Amino acid sequence: IHIPDWLAITCLIICLGLIAAIGISQSVWMATIITIIEIGGLIYVLVIAGDNFSQLPSRLPEMIPSFDAGAWSGIFIGAFLAFYAFIGFEDMVNVAEEVIDAPRLLPKAIIIALITSTILYLAVATIAVLSLPINELTESEAPLASIVKASGYNPTLIISAISLVAVVNGALIQIIMASRVLYGMGNTGLAPRALANVHPYTQTPLIATGLTVLAVLILALWLPLVTLAQITSFITLAIFASVNMALIRLKLRTPTIPGAVHYPLFVPITGALLSIAFLLLQSVI
């Protein structure tokens, strides 16, 4: 369907904003269904192109980077750019008030989601490198579709639908989470109190949701995708560094908190150092 980009973006974001405003249960069910479709799509790609995994033992040496500075600068730039793909796990805490038995379930949910996604990311990245020549892979506008097509299948309809669904899911989750951040700030007096207003029927912060939708719409229409990814990765890494340093201070001041999940001190120290290192390397490179 050939329509202007600005019109497609506007209609999509407004629809997602309405879903987020209707209610948290409806939004979560929608996100769950879409996530299952996403995972199914990645598994579909892995199954279709799975025969290429047999090449891994013989081609593994070529996947090990050399000590050349140019190779490693490319790796770090790619890692920084792709870091935005890992946001979302920490967003769960923004709906902690709407989770049953949050202290027990949220830590497990974050870790399970992180491990599952990492395994899928690594598997798909590996099969991509094994299935297509590097020059063809880098020039492809739809890498997953190219992988399936190279295996002898016509992926146009299925892969296109899954890609659209994936975009919708990421945007919906971020609208929900960002609106809850604004709600929390309004509720604690760090932002205008109006942001903490909850509609009696939908039980959602409509003003906060509306502002979030407006911000997402402006950014989506104004900035190109790569620029948005870079900005998002930079801000996320800065926040991760700050949160880890805050946890270090909390653990030093209050080693144990009744009912809280505990992790060794080296965990936040490692997290802070890695986040700061990525920020510094990106500015240098």
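Which element gives the largest share of the nonpolar patch? Helix 5 does, with three residues. The legends below start from the model as a whole.

Overview. Residues are numbered from 1 along each chain as its sequence is written, and side-chain values use heavy atoms, with hydrogens and water left out. pLDDT is the predictor's confidence in each residue, from 0 to 100. The protein averages 83, and 97% of the residues score at least 70. Confidence is lowest in helix 4 (residues 69-82), with a mean of 76. It is highest in helix 9 (residues 206-222), at 91. Helices (H or I, at least four residues) and strands (E, at least two) are DSSP runs, numbered from the N terminus. Where pLDDT is low, the predicted coordinates should not be read in detail.

**Close-up 1. A nonpolar surface patch of about 650 Å².** Its members are Ile111, Ile115, Ile119, Val261, Tyr263, Phe266 and Val267. Helix 5 (102-131) and helix 11 (266-284) each give two or more residues. Patch residues have over 30% relative accessible area and no salt bridge; like charges are joined within 9 Å, and nonpolar side chains (Val, Leu, Ile, Met, Phe, Trp, Tyr) within 5 Å. Areas come from the Shrake-Rupley method with a 1.4 Å probe, and for residues only the protein chains shown count as cover. Val261 sits in the loop between helix 10 (225-253) and helix 11. Buried means under 20%, exposed over 50%, and partly exposed in between (1.4 Å probe, protein chains only).

**Close-up 2. The one salt bridge of the structure.** The side chains of Arg104 and Asp101 meet here, at 2.6 Å from N to O. A salt bridge puts a side-chain nitrogen of Lys or Arg within 4 Å of a carboxyl oxygen of Asp or Glu. Side chains of opposite charge can pair when their charged atoms come close. Arg104 is partly exposed, with a relative accessible area of 46%. Asp101 is partly exposed too, at 38%. Asp101 lies in the loop between helix 4 and helix 5.

**Close-up 3. Positive phi at Asp101 and at Gln203.** Asp101 is not a glycine, yet its phi is about 55°. Gln203 is not a glycine either, and its phi is about 60°. Gln203 lies in the loop between helix 8 (156-187) and helix 9. Gln203 is exposed, with a relative accessible area of 51%.

**Close-up 4. The largest nonpolar core, with 15 residues.** Val45, Leu46, Ile147, Val148 and Ile159 have the most contacts inside this core. Helix 2 (24-48), helix 5 and helix 7 (143-150) each supply at least two of its residues. Helix 5 gives the most, with five. A nonpolar core is a set of buried Ala, Val, Leu, Ile, Met, Phe, Trp, Tyr and Cys residues joined through side-chain atoms within 4.5 Å. Leaving aside neighbours within four places in sequence, Leu46 is in contact (heavy atoms within 4.5 Å) with Phe53, Leu120, Ala123, Val124 and Ile127. Another core lies apart from this one, with 14 residues, among them Ile13, Ala31, Val95 and Val168.

Notes: Predicted model: local features only at pLDDT ≥ 70, side-chain atom pairs only at ≥ 80, totals over all residues.
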